[in-house]
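Subject: The structure we talked about

Hi,

Here is the structure I promised to pass on to you.

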Amino acid sequence: MPLGTYKEALSARSTDKKILDVSQDGGIVSALLCYALDEGIIEGAVVAGTPDEDWRPIPTVVTSSDEVIAAAGTKYSMSPTLSALKEATRQYGLEKVGVVSTPCQTQGLRKAQSN
């Protein structure tokens, strides 16, 4: 099975016009981050921020819905997102942090978390 084990596959789309205006697709990741921040589920998140002049996304710590929306959109280049996790916890003092990452980055994060 190419997708691995799963119970259900869904398709989703944000209903927030501000998110849809800047999203590549349905904006669901941005919508979920905004919800989590607004409801206090997380204190901040690490995302792939606005690309530099060489089109490389810059890992960014966001702490508000406005910052999430400013960083929204698909980045067609690898982003060293996990490198900003230390910044989120040490410089921002965040304990509940969301992370937008690729599956391999998530696997590395989970391995680090278990040590």
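Before anything else, one term: a residue is called buried when its relative accessible area is under 20%, and exposed when that value is over 50%. Keep in mind that this is a predicted model. By that cut-off, buried residues make up 29% of the 115 residues in the protein chain.

Now the overall picture. The protein chain has five helices and three strands, and from the N terminus on they come in the order α-α-β-β-α-α-β-α. How compact is the protein chain? Its radius of gyration is 15 Å, close to the 13 Å that the globule rule gives for 115 residues, so the chain is as compact as a globular protein of that length. If you follow the C-alpha trace along its principal axes, it spans about 35 × 35 × 35 Å.

A few more numbers for the whole chain. Take the contacts between residues at least 6 apart in sequence: 49% of them join residues at least 24 apart. The chain exposes about 8100 Å², and 53% of that comes from carbon and sulfur atoms.

Next, helix 2, which covers residues 28–38. Which of its residues are buried? They are Ser30, Ala31, Leu33, Cys34, Ala36 and Leu37. Here is a handy rule for reading a list like that: an α-helix has 3.6 residues a turn, so residues three or four places apart point the same way. And what lies over the buried residues of helix 2? The cover includes helix 1 (17–22), strand 1 (44–48) and helix 3 (65–71).

Ser30 is worth a click. This serine of helix 2 has a relative accessible area of 9%, under the 20% cut-off, so it counts as buried. Leaving out residues up to four places away in sequence, Ser30 touches Ile19, Val68 and Ala72. At the other end of the story, helix 2 is followed by Gly40, which has a positive phi, near 75°.

Another serine to find is Ser23, in the loop between helix 1 and helix 2. Is Ser23 buried or exposed? Its relative accessibility is 16%, so Ser23 counts as buried although it sits in a loop. A polar atom of the Ser23 side chain lies 2.5 Å from the backbone oxygen of Ile19.

Then go to Val61 in strand 2 (residues 59–62). Val61 is buried, with a relative accessible area of 6%. Which residues does Val61 contact, apart from its neighbours within four places in sequence? They are Ala45, Val46, Ala84, Glu87, Ala88, Tyr92 and Leu94.

Most residues other than glycine have a negative phi, and most peptide bonds are trans. Trp55 has a positive phi of about 70° although it is not a glycine. You will find Trp55 in the loop between strand 1 and strand 2. With a relative accessible area of 68%, over the 50% cut-off, Trp55 is exposed.

Cheers

Notes. Residues are numbered from 1 along each chain as its sequence is written. This is a predicted model: local features need pLDDT of at least 70, side-chain atom pairs count only at pLDDT 80 or more; totals for chains, interfaces and linings use all residues. Side-chain values use heavy atoms; hydrogens and water are left out. Helices (H or I, at least four residues) and strands (E, at least two) are DSSP runs, numbered from the N terminus. The radius of gyration is taken over C-alpha atoms; the globule rule is 2.2 Å times the number of residues to the power 0.38. Buried means under 20% relative accessible area, exposed over 50%, partly exposed in between (1.4 Å probe, protein chains only). Contact means heavy atoms within 4.5 Å. Accessible areas come from the Shrake-Rupley method with a 1.4 Å probe; for residues, only the protein chains shown count as cover. A polar contact is a pair of N or O atoms within 3.5 Å; within protein, one must be able to donate a hydrogen and the other to accept it, and residues adjacent in sequence count only if both atoms are side-chain atoms.
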